[in-house]
Amino acid sequence: MSLIVARDIYKDYQVGEVSLRALRALNFEIEPGSFLSFVGPSGSGKTTLLNLIGCLDIPTSGSLTIAGTDVLRLDRKGRAAFRGRHMGFIFQDFNLIPVLTVYENIEYPLLMVQNVPSGERSRRVMDLLESVGMMEQRDKYPDQISGGQKQRVAVARALVTEPELVLADEPTANLDSKTAYMIIELMKAMKEKSGTTFIFSTHDQKIVGAAEILYTLEDGTIVDRKEMEESDHV
Ligand code: ADP
Ligand code: MG
């Protein structure tokens, strides 16, 4: 069964009297375990689309099913609960909590959305610290680590609730290209390890080669879908 089924999705923004069409006629299916990128220039609709998939916003029309749930039937509270159960998020500007250590930032979602006993919590956090290569920095605060390290922490934080889906809107936009590539490779390694589906967006041609499935957006619609061959990977 597909993890995500989107049918004829439109999204209009109302700006005063004017209606602006940000997405039109989107149809796609995403299989579990995908490592998938939406690529396109600024303004092509990447953030709007990831917000819809992340149940942070709703389309103007169309249907959207995620993990067997018709998410457009959920109210605001239902969408928040659904996000907590099924999704992790990675942000362009990292969004770590400055007063919490690396360890505590990763642990935080477990304290918020799930009733996980403390032994299990620490096991998961320690495993992730190891997997993302941040064990030695676990007692540091966000302002004591680099941007690339912050995004490693954010990858771990997104995975700690063991979601089916991790969404990342331009996760490498604030990183230099070498670090950007390492973060995408880390995400891919975590996908292999956990089976979690990763969907990210980028306008950076240098990292799109790392995606296994690549959708190109232009003016709010999908103009190309490409399955990358192993040899396409940089
Ligand atoms: P991208 O992330 O690819 O840069 P966006 O999804 O942010 O694209 O934007 C798609 C289009 O929708 C753009 O024309 C943008 O100006 C418009 N848009 C995005 N968010 C809003 C909003 N909250 N209100 C009005 N227009 C918006
Ligand atoms: Mg954007």
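Predicted model: local features only at pLDDT ≥ 70, side-chain atom pairs only at ≥ 80, totals over all residues.
1. Strands are DSSP runs of at least two residues, numbered from the N terminus.

2. Six aromatic pairs are present in the structure. Phe28 and Tyr215 make up a tilted pair, with 6.0 Å from centre to centre and 55° between the planes. This pair connects distant parts of the chain, since Phe28 belongs to strand β2 and Tyr215 to strand β9 (residues 213-218), 187 residues apart. Phe28 is buried at a relative accessible area of 4%, and Tyr215 is likewise buried, at 3%.

3. The pair of Phe89 and Phe91 is stacked, because the ring planes meet at 20°, with the centres 6.4 Å apart; planes under 30 degrees apart count as stacked. Phe89 is buried, at 18% relative accessible area, whereas Phe91 is partly exposed, at 32%.

4. Phe28 and Tyr215 also belong to one aromatic cluster together with Phe38. Phe38 is in turn among the residues that Ser201 touches.

5. Ser201 sits in strand β8 (residues 197-202) and is buried, with 0% relative accessibility. Its side chain makes a polar contact of 2.6 Å with that of Asp169. Beyond four places in sequence, the residues touched by Ser201 include Ser37, Lys46, Leu50, Ala168, Glu170 and Pro171.

Notes: Residues numbered from 1 in each chain as written. Chains lettered and ligands numbered in written order. Heavy atoms only, no water. Helix = DSSP H or I, 4+ residues; strand = E, 2+ residues; numbered from the N terminus. Buried < 20%, exposed > 50% of the residue type's maximum accessible area, 1.4 Å probe, protein only. Polar contact = N/O pair within 3.5 Å; in protein donor to acceptor, adjacent residues only side chain to side chain. Contact = heavy atoms within 4.5 Å. Phe/Tyr/Trp six-rings, centres within 6.5 Å; stacked < 30°, edge-to-face > 60°.
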